[in-house]
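Me: I have a structure to get through today. Can we go over it in short steps?

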Amino acid sequence: MQVFYATQFVLPLPPGHRFPMGKYKLLRDRLTAELPEIALRQAESATDGQLALVHTPAYVQAISDGTVDKAILREIGFPWSEAMAVRARRSVGATIAACRAAFDDGVAANVAGGTHHAYADRGGGFCVFNDAAVATRLMQAEHGRRGRTLHVAVIDLDVHQGNGTARIFRDDPTVFTLSMHGQKNFPFRKEASDLDVDLPDGTGDAAYIEALELALGELERRFAPGLVIYLAGADPHEGDRLGRLKLTWDGLEARDRRVFDWAWQRGVPLAFAMAGGYGTRMEDTVQVQVNTFAAGVQAWRRWQNRRR
Ligand SMILES: [Zn+2]
């Protein structure tokens with residue numbers, strides 16, 4: 001299974017910063033050690049033209065040259081540096097590459113990405129550019145050149161609402177945004193996705209899986225995707241500092257398997273990205289993500305078997 005990374009570009013953060021930057025290296029090391037089916041590939045940078053499919057040229061320019069508004073930087077939560085700008089571009093590139101690979105192989109991934117709080121003209125909540133949105137628009141443009149309309153479903157199961165993605169695609173009938181998130185979690189002013197599932201604090205495994213089943217059913221009644229982009233946030237886990245849900249390892253594994261099965265049963269290629277994870281213990285966040293990759297590899301293997 002092809003997995004793309006931009007994680008060699010480490011974002012320099014001041015000591016004590018609350019973003020767990022170290023999780024990406026831990027995750028990559030564990031994938032290398034434990035899942036030999038995974039082929040890790042370095043991602044190319046997204047170009048200005050690709051970013052401009054979603055983002056305003058002024059915002060792209062301001063992030064690139066460091067002139068971005070201080071208020072926007074505060075919303076993003078990272079200090080500006082050249083490395084920050086490079087990494088944000090590469091991370092979008094990794095989701096683009098994962099989507100292309102998903103069309104070839106059925107399933108592929110980005111070891112980072114899922115930066116769903118980014119809007120067209122501003123970032124927020126540790127998100128600079130919206131990788132899933134850019135990849136969606138680019139895949140649609142590439143299909144469009146061959147005279148086909150590509151319908152994309154963004155299934156966002158991070159504990160925070162995918163507000164940027166919802167806003168970007170609000171009036172676009174070719175993209176279905178599904179967000180299942182903690183009602184009381186950031187962002188406090190939510191956007192309207194095509195389907196929002198607001199979950200109460202303390203939602204456990206059983207209620208979560210039931211809600212997911214209903215949501216996938218509704219998605220299917222309203223939309224027929226030709227590509228799924230899955231944001232497999234680790235922050236619904238009970239050990240997360242920010243998430244308010246109470247999902248166990250088993251619950252999150254069941255969640256991942258359900259999404260992978262759903263796409264596979266319908267013959268829809270799926271690219272997934274990591275989105276958030278802020279475990280009290282960073283190892284717990286990484287464990288949730290390793291489990292997601294293990295489920296992804298199983299789904300990928302079924303695609304390969306079907307071809308033989
Ligand atoms: Zn999150």
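Reply: One term to begin with: two strands pair if DSSP finds at least two bridges between them. Also keep in mind that this is a predicted model.

Me: OK. Which strand does strand 7 pair with, and in what sense?

Reply: Strand 7 pairs with strand 8 in the parallel sense, over four bridges. One of the facing positions is V228, which stands opposite L270 in strand 8.

Me: What do strand 7, helix 9 and strand 8 make together?

Reply: They make a right-handed β-α-β unit.

Me: And what else is joined to strand 8?

Reply: Strand 3 is joined to strand 8 by three bridges, and the two run parallel. There, A108 stands opposite A271.

Me: Are the faces of strand 8 covered or open?

Reply: Both are covered. L270 and F272 are buried on one side, and A271 and A273 are buried on the other. As a general point, side chains in a regular strand alternate between the two faces of the sheet.

Me: Back to helix 9. How many residues does it have, and how far does it reach?

Reply: Helix 9 covers residues 249-265, which is 17 residues. From its first C-alpha to its last it reaches 24 Å, close to the 24 Å expected at 1.5 Å a residue.

Me: Which of its residues are buried?

Reply: In helix 9 the buried ones are G251, L252, R255, D256, V259, F260, W262 and A263. They sit on the same side of helix 9, because they cover an arc of only 165° around the axis.

Me: Why would residues a few places apart point the same way?

Reply: An α-helix has 3.6 residues a turn, so residues three or four places apart point the same way.

Me: What is on the other side of helix 9?

Reply: D250 and Q265 are there, and they are exposed.

Me: And what do the buried residues of helix 9 pack against?

Reply: Strand 4, helix 8, strand 7, strand 8 and helix 10. Just after helix 9 comes G267, with a positive phi of about 70°.

Me: New topic: G243. Where is it?

Reply: G243 is in the loop between strand 7 and helix 9.

Me: Why does G243 count as buried?

Reply: The cut-off is 20 or more other C-beta atoms within 10 Å. G243 has 25, so it is buried.

Me: What is G243 in contact with, leaving aside its neighbours within four places in sequence?

Reply: V159, G182, N185, D235, P236 and H237.

Me: Now helix 3. Which residues are buried there?

Reply: Y59, V60 and I63 are buried in helix 3. Seen down the axis, they fall within an arc of 100°, so they line one face of the helix. The face turned away carries the exposed residues P57, A58 and D65.

Me: What covers the buried residues of helix 3?

Reply: The cover includes helix 2 and helix 5.

Me: Last one: which strands is strand 1 joined to?

Reply: Strand 1 is joined to strand 2 by four bridges and to strand 3 by two bridges. It runs parallel to strand 2 and parallel to strand 3. V3 has L40 as its bridge partner in strand 2 and A109 as its partner in strand 3. Strand 1, helix 1 and strand 2 also make a right-handed β-α-β unit.

Terms used:
Residues are numbered from 1 along each chain as its sequence is written. This is a predicted model: local features need pLDDT of at least 70, side-chain atom pairs count only at pLDDT 80 or more; totals for chains, interfaces and linings use all residues. The expected span of a helix is 1.5 Å times one less than its number of residues. A residue is buried if 20 or more other C-beta atoms lie within 10 Å of its own, exposed if 12 or fewer, and partly exposed in between; C-beta atoms are placed from the backbone. The arc is that of the directions from the helix axis to the C-beta atoms. Two residues are in contact if their C-beta atoms, placed from the backbone, lie within 7 Å. A crossover is right-handed if, with the strands pointing away from the viewer, the path from the first strand over the helix to the second runs clockwise.
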